[in-house]
Amino acid sequence: NMISCGKSYCPDVFLLYGQEAVQKRTFTKWINSHLAKHVPPLEVKDLFDDIKDGVMLLALLEILSGQKLPCEQGKKLKRIHWVANIGTALKFLEGRKVRIRLVNINSTDIVDGRPSIVLGLVWTIILYFQIEELTSSLPELQAFSSSNSSLDSSTSSTDTTSPPVKRRPLALQGGARKALLRWVQQTATKCLGLDVKDFGPSWRTGLAFFALINALRPNLVDMERVWRRPNRENLQEAFLLAETELGIPQLLDPEDMDVDKPDEKSVMTYVAQFLKHHPDRKQSDLDEKLEEAVTREQRKSQRELKMWLDQLEKEAVHAQETQGSLAQQYQVSLFKSLQVQLEMKRKQVEGALQSTQRDGMLTVDQALVKQAWERVSNRLLDWHLHLDRSLPAPLGTVGEWLHEAEGALRQEITVQQAHDNTASTVHRALEQHKVSFQQSLSTHLRLTSCFLKYH
């Protein structure tokens with residue numbers, strides 16, 4: 001109903017109260033979307049009444065900030081406890097960052113449930129914890145003068161309750177608003193020929209909301225189909241589509257948007273949620289640069305590993321060419337030293353050969369490392385076989401058999417396609433075979449040691 005003002009009607013007063021009602025509904029839905037994460041979940045039914053004791057307000061701030069705040073709780077809380085809780089919340093906000101300015105807001109006003117003060121406090125929280133945080137990395141905001149915060153700008157035309165001599169810190173003309181609007185224009189609406197120049201009338205038709213959805217999820221919206229449909233139908237479908245496809249709560253009601261001057265604060269609160277689903281180009285660039293740096297470091301490490309393996313192979317060739325007696329080759333020569341060095345590098349080589357490509361293939365550098373590893377491993381194995389065969393009978397025959405058994409153990413057994421029980425059986429048999437081989441190898445080494453000791 002229109003509000004009588006003497007003999008005439010006051011449309012500005014009607015607009016003010018209408019905006020308060022819209023903000024109350026939008027802010028309540030926004031609060032509840034976060035309080036649903038509380039354990040146990042909480043719900044605000046009447047914003048002006050349910051926020052009085054400060055319990056839900058402190059719970060909201062804990063969820064948004066991730067910090068634990070002291071709170072007076074209980075079914076028989078008195079006004080003094082309410083004031084204390086609200087005071088804790090205001091003190092937390094004031095100390096959060098220097099940009100927070102709580103002008104003309106005190107604990108008793110919130111406890112008394114004064115609508116304009118309650119809405120102003122909730123808007124402060126939304127602006128700081130959602131809109132400013134989400135727009136802080138946008139280039140448009142960084143280009144904005146650092147001396148002018150979005151919380152220190154002059155009031156907009158919609159803030160009719162502000163005294164003309166005071167500047168409201170919660171105005172809509174600051175950097176965050178400009179950055180968010182610019183993001184909408186560059187990301188979604190400009191390419192479709194939509195003229196979005198505010199967070200009010202430009203959104204009435206619902207087309208701007210569809211443009212945002214289309215920008216985040218291409219081919220999800222048939223823009224030709226929605227271009228000439230009624231406003232209410234577009235708004236209702238856009239809000240439902242954003243919720244089902246992007247998980248964005250329906251904070252706005254179609255009937256609140258299909259008016260001459262939709263509430264800007266409510267629209268900003270809703271639109272800012274789309275930022276969560278838009279890829280951060282700066283972060284993507286940073287991730288790409290980091291990935292490139294990691295790749296360069298990996299390639300450097302792989303090349304150094306190949307050079308080390310090549311050098312080890314050269315040392316093995318040189319040692320074989322200058323070999324002495326059988327005892328010297330076993331105990332004095334570089335054979336044991338080279339073999340130990342190679343085994344110490346095994347884990348590093350295995351790590352370097354882990355494929356990082358989608359097709360599972362090795363890179364050129366990885367393939368070169370693999371080839372170098374196989375060459376030096378085979379050379380040392382051949383050298384070991386030569387030493388074993390050089391032992392007098394019957395040790396030479398035993399040594400050759402052990403060498404063949406060791407080669408069999410080195411071969412990989414593929415069990416991916418086998419039944420779980422079969423794979424388990426194969427694994428147990430393999431482990432038992434390893435134990436038997438180790439025992440045989442130990443016996444072989446003792447026999448060899450005895451032979452060398454007495455010859």
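Start at Q273. Leaving out residues up to four places away in sequence, Q273 touches Q130, I248, P249 and L251. Contact here means heavy atoms within 4.5 Å. Q273 sits in the loop between helix 13 (264–271) and helix 14 (281–321). Helices are DSSP runs of H or I, at least four residues long, numbered from the N terminus. Buried or exposed, this Q273? Buried, with a relative accessible area of 5%. The cut-offs: buried is under 20% relative accessible area, exposed is over 50%, partly exposed lies in between, with a 1.4 Å probe and protein chains only.

A word on ground rules. This is a predicted model, so residues are numbered from 1 along each chain as its sequence is written, local features need pLDDT of at least 70, and side-chain atom pairs count only at pLDDT 80 or more, while totals for chains, interfaces and linings use all residues. Side-chain values use heavy atoms, with hydrogens and water left out.

Now the core. The largest nonpolar core has 73 residues. By nonpolar core I mean a set of buried Ala, Val, Leu, Ile, Met, Phe, Trp, Tyr and Cys residues joined through side-chain atoms within 4.5 Å. Which members touch the most others? L47, W203, F209 and F274. Helix 6 gives the most to this core, with 12 residues. The core also draws at least three residues from each of domain 1 (13–136) and domain 2 (174–277). Those bounds come from an automatic or database domain assignment.

Take F209. Setting aside neighbours within four places in sequence, F209 is in contact with W203, L235, A238, F239, L252, M257, Y270 and V271. Apart from this core lies another, of 17 residues, including A319, V369, V376 and L387. As background, nonpolar side chains in soluble globular proteins tend to be buried together.

Next, helix 4, residues 79–96. It has 18 residues, which at 1.5 Å a residue should span 26 Å; the end C-alpha atoms are 26 Å apart, in agreement. The expected span is 1.5 Å times one less than the number of residues. The buried residues of helix 4 are N85, I86, A89, L90, F92 and L93. Seen down the axis, they fall within an arc of 155°, so they line one face of the helix. That arc is taken over directions from the helix axis to the C-beta atoms. What covers them? Helix 3 (55–65), helix 5 (107–111) and helix 6 (115–135) are among the cover. The face turned away from the buried side carries the exposed residues I80, K91 and G95.

Two backbone points. A cis peptide bond joins V39 and P40, with omega about -5°. P40 lies in the loop between helix 1 (11–35) and helix 2 (47–50). Then N219: its phi is positive, about 70°, although N219 is not a glycine. N219 is in the loop between helix 9 (207–216) and helix 10 (223–226). N219 is exposed, at 77% relative accessible area.

Cysteines, quickly. C191 is exposed, at 63%.

Last stop, L368, in helix 18 (residues 364–389). At 31% relative accessibility, L368 counts as partly exposed. L368 and L353 are 15 residues apart in sequence and 10.0 Å apart in space, C-alpha to C-alpha.

Key
Helix = DSSP H or I, 4+ residues; strand = E, 2+ residues; numbered from the N terminus.
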